[in-house]
Amino acid sequence: MPVNILLSFLIGSALAWILIKITRTPPHLQGLVIGCCSAGNMGNLLLIIVPAVCEESNSPFGDTSVCSSYGKAYASLSMAVGAIYIWTYVYYVMSLYLNKSVSDAGTNKDSRIHIISSGESSTDIFLESSRKPLLHSSDRHSPDDSQIQAETRSTKSRFPFLDKMRQRINKFTEKIDLKMIFAPSTIAAIIGFVIGTISPFRKVIVGESAPLRVLDSSAALVGEAAIPAMTLVIGANLLSGLKRSGVGVSLIMGIIAIRYILLPLLGIVIVKAAYRFGFIGSDSLYQFILLLQYAVPPALAVGTIIQLFETSESECSVILLWTYAVAAFALTLWITFYIWLLT
């Protein structure tokens, strides 16, 4: 499942990059497009859909209680893994585009203010820049400095692969925001993994005879209330999408096509290939969850990331509005097709 979710994120990012090139998306919207196409809502939607399918009288996934318990476990794991990927991979990719667009906008604004306030024309600025020396005194190196640099380069050239890997790792770690990676949802997922996989912790907290079962029941109570609360958050975010924004119709249609046509079709190929080569078992409910991970709408965390950078908020609301409106019909069709395909 972690590999399947990662593949859905990577394929969505690649398709988003193609969409950006085709539609010539403005720079300030490119990060938003990549986020909407790559990050899927792996959380509350699966927790609503899977138990509803299991509780049907003619459910194709066997006994209702067993299907519901396993379905909730699969959906919870999907939500936890998806949250980790969103606040590591998706946040990092979106920040690259959003920081670039914000810095470019600020540079252009500052340059316009400087020209207006100084009263200089473009000709004066060009003549002034042409009179400046090409190299500052600090940039001129002595023969000794150049010799030292040549020796350093020759030393590093012995292991070029290791040097490149070290540079890429350093560049990546400098841009990592640990506060965003260890978001509350990520911390909760890590704690859940620790309790669920370590037997002594599980026996103390989980189960009817567990001495600290009050923690489990309290967490379940809060989790049940979180699903309708997240539904209210979706409605609040989509309300802003009723306002006009600068998102083109072609861009919205492209995101909808990626999320509800291309990704689900590619998901069928990937899951069936994984079953064909023995990477997953014959559990139809588990395959159903894997297939659903390619057909869900964009994650609401994309809107949270956009709000953190304070850019393209109205455009994000418009895209979320239309993608979730189409999801009501697209998810129904894909769920029906997936059940037919698996049974």
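Cys 316 counts as buried in this predicted model, at 4% relative accessibility. Its sulfur lies 5.4 Å from the closest cysteine sulfur, which belongs to Cys 36, and that is too far for a bond.

Cys 54 and Cys 67 form a disulfide, and their sulfur atoms are 1.9 Å apart. Which parts of the chain does this pair tie together? Cys 54 belongs to helix 3 and Cys 67 to helix 4, so the bond ties together parts that are 13 residues apart in sequence. The torsion about the S-S bond of Cys 54 and Cys 67 is about -60°, and the disulfide is therefore left-handed.

Follow Cys 54 into its own helix. Helix 3 covers residues 44-54, and nine of its eleven residues are buried, so this helix is largely enclosed by the rest of the structure. The buried residues of helix 3 include Leu 45, Leu 46, Leu 47, Ile 49 and Val 50. Asn 44, Pro 51 and Val 53 are also among them.

Ser 78 lies in helix 4, which covers residues 64-118. Is Ser 78 buried or exposed? At 0% relative accessibility, Ser 78 counts as buried. What does Ser 78 touch, leaving aside its neighbours within four places in sequence? Ser 78 is in contact with Met 1, Ile 5, Met 42, Leu 46 and Gln 293.

Turn next to the start of the chain. Helix 1 covers residues 2-23, and Leu 6 is found in it. Leu 6 is partly exposed, with a relative accessible area of 31%. Together with Val 3, Leu 7 and Leu 10, Leu 6 forms a nonpolar patch on the surface. The accessible area of these four side by side is about 310 Å² together. The spacing along the chain has a simple background. An α-helix has 3.6 residues a turn, so residues three or four places apart point the same way.

Arg 24 has its place in the loop between helix 1 and helix 2, the latter covering residues 27-38. Arg 24 has a positive phi of about 55°, although this residue is not a glycine. At 74% relative accessibility, Arg 24 counts as exposed.

The last step is to set a record beside the model. An unreviewed UniProt entry lists several stretches as "transmembrane region", among them residues 6-23, 32-53, 73-92 and 251-273. In the model, residues 6-23 are 100% helix and 0% strand, and the end C-alpha atoms lie 26 Å apart. Residues 251-273 are likewise 100% helix and 0% strand, with their end C-alpha atoms 31 Å apart.

Conventions
Residues are numbered from 1 along each chain as its sequence is written. This is a predicted model: local features need pLDDT of at least 70, side-chain atom pairs count only at pLDDT 80 or more; totals for chains, interfaces and linings use all residues. Side-chain values use heavy atoms; hydrogens and water are left out. Buried means under 20% relative accessible area, exposed over 50%, partly exposed in between (1.4 Å probe, protein chains only). Helices (H or I, at least four residues) and strands (E, at least two) are DSSP runs, numbered from the N terminus. Patches are made of residues with over 30% relative accessible area and no salt bridge: like charges are joined within 9 Å, nonpolar side chains (Val, Leu, Ile, Met, Phe, Trp, Tyr) within 5 Å. Accessible areas come from the Shrake-Rupley method with a 1.4 Å probe; for residues, only the protein chains shown count as cover. A salt bridge is a side-chain nitrogen of Lys or Arg within 4 Å of a carboxyl oxygen of Asp or Glu. UniProt positions are given in the numbering used here, feature names are shortened, and annotations may be inferred rather than shown by experiment. Contact means heavy atoms within 4.5 Å. A disulfide is a pair of cysteine sulfur atoms within 2.5 Å.
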